[in-house]
Amino acid sequence: MKNNKLYFNYLIILALSFVTITCNSVKYKKPQIKVENSNINLGTIDIDSTYDVKFRIFNIGSQQLIIDTVSVSCDCSVPSFNKRKVQPHTSIDLIIKYSPVDEGEFKKVIIIKSNIDSIFTVLKFYGKIKK
């Protein structure tokens with residue numbers, strides 16, 4: 001009887017270990033975003049110029065990353081990137097063309113919607129505009 005209990009306990013531990021390993025391996029088979037710098041300080045910039053703000057986006061997962069949309073917080077920012085599908089272990093550059101409109105401090109938000117678990121990735125850039 002004691003051997004049966006011990007055998008049963010070993011069986012449960014083995015089953016739990018298998019479930020844990022399986023869940024962890026499934027987790028890493030998804031696309032994952034890593035951004036080189038998700039919060040960029042432009043410092044003090046001139047109101048009469050246009051600026052390119054570059055975010056490098058890496059797919060560190062093992063499945064293809066698909067970028068559905070890139071939304072910006074105002075019409076003064078226009079996103080552009082070279083492809084919507086990012087293969088595992090590669091990267092793309094997301095360029096935001098920013099044209100300042102008013103003097104003073106600013107903070108702009110970019111939202112990337114993709115096929116990662118959290119769905120949204122939030123990027124920011126900020127600074128101060130002078131005339």
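Predicted model: local features only at pLDDT ≥ 70, side-chain atom pairs only at ≥ 80, totals over all residues.
Five strands form an open sheet, in which the strand order is 2-9-8-4-6 and the pairing is mixed. The edges of this sheet are strand 2, covering residues 39-46, and strand 6, covering residues 85-86; each of these strands pairs on one side only. Within the sheet, strand 8 and strand 9 are antiparallel to each other and are linked by ten bridges. Strand 8 spans residues 104-114, and strand 9 spans residues 120-130.

The loop between strand 8 and strand 9 contains Ile119. The relative accessible area of Ile119 is 37%, so this residue is classed as partly exposed, given that the partly exposed class lies between the 20% limit for buried residues and the 50% limit for exposed ones. When neighbours within four places in sequence are set aside, Ile119 is in contact with Ile112, Lys113 and Ser114. Ile67 is 52 residues away from Ile119 along the chain, and the C-alpha atoms of the two residues are separated by 9.7 Å. Ile119 also contributes to a nonpolar surface patch, together with Ile111, Phe120 and Val122. The area of this patch is about 320 Å².

The structure holds one disulfide. The bond joins Cys74 to Cys76, with an S to S distance of 2.1 Å. The torsion about the S-S bond is about -60°, and the disulfide of Cys74 and Cys76 is therefore left-handed. Both cysteines, Cys74 and Cys76, are buried.

Ser77 lies in strand 5, which comprises residues 77-81. The relative accessibility of Ser77 is 4%, and the residue therefore counts as buried, the limit for this class being under 20% relative accessible area. With residues up to four places away in sequence not counted, the contacts of Ser77 are Val72, Ile96, Lys97, Tyr98, Lys108 and Phe125.

Terms used
Residues numbered from 1 in each chain as written. Heavy atoms only, no water. Disulfide = S-S within 2.5 Å. Buried < 20%, exposed > 50% of the residue type's maximum accessible area, 1.4 Å probe, protein only. Helix = DSSP H or I, 4+ residues; strand = E, 2+ residues; numbered from the N terminus. Contact = heavy atoms within 4.5 Å. Patch = residues over 30% accessible without salt bridge, like charges linked within 9 Å, V, L, I, M, F, W, Y side chains within 5 Å. Areas by Shrake-Rupley, 256 points an atom, 1.4 Å probe, with all protein chains shown as cover. Salt bridge = Lys/Arg side-chain N within 4 Å of Asp/Glu carboxyl O. Pairing = 2+ DSSP bridges.
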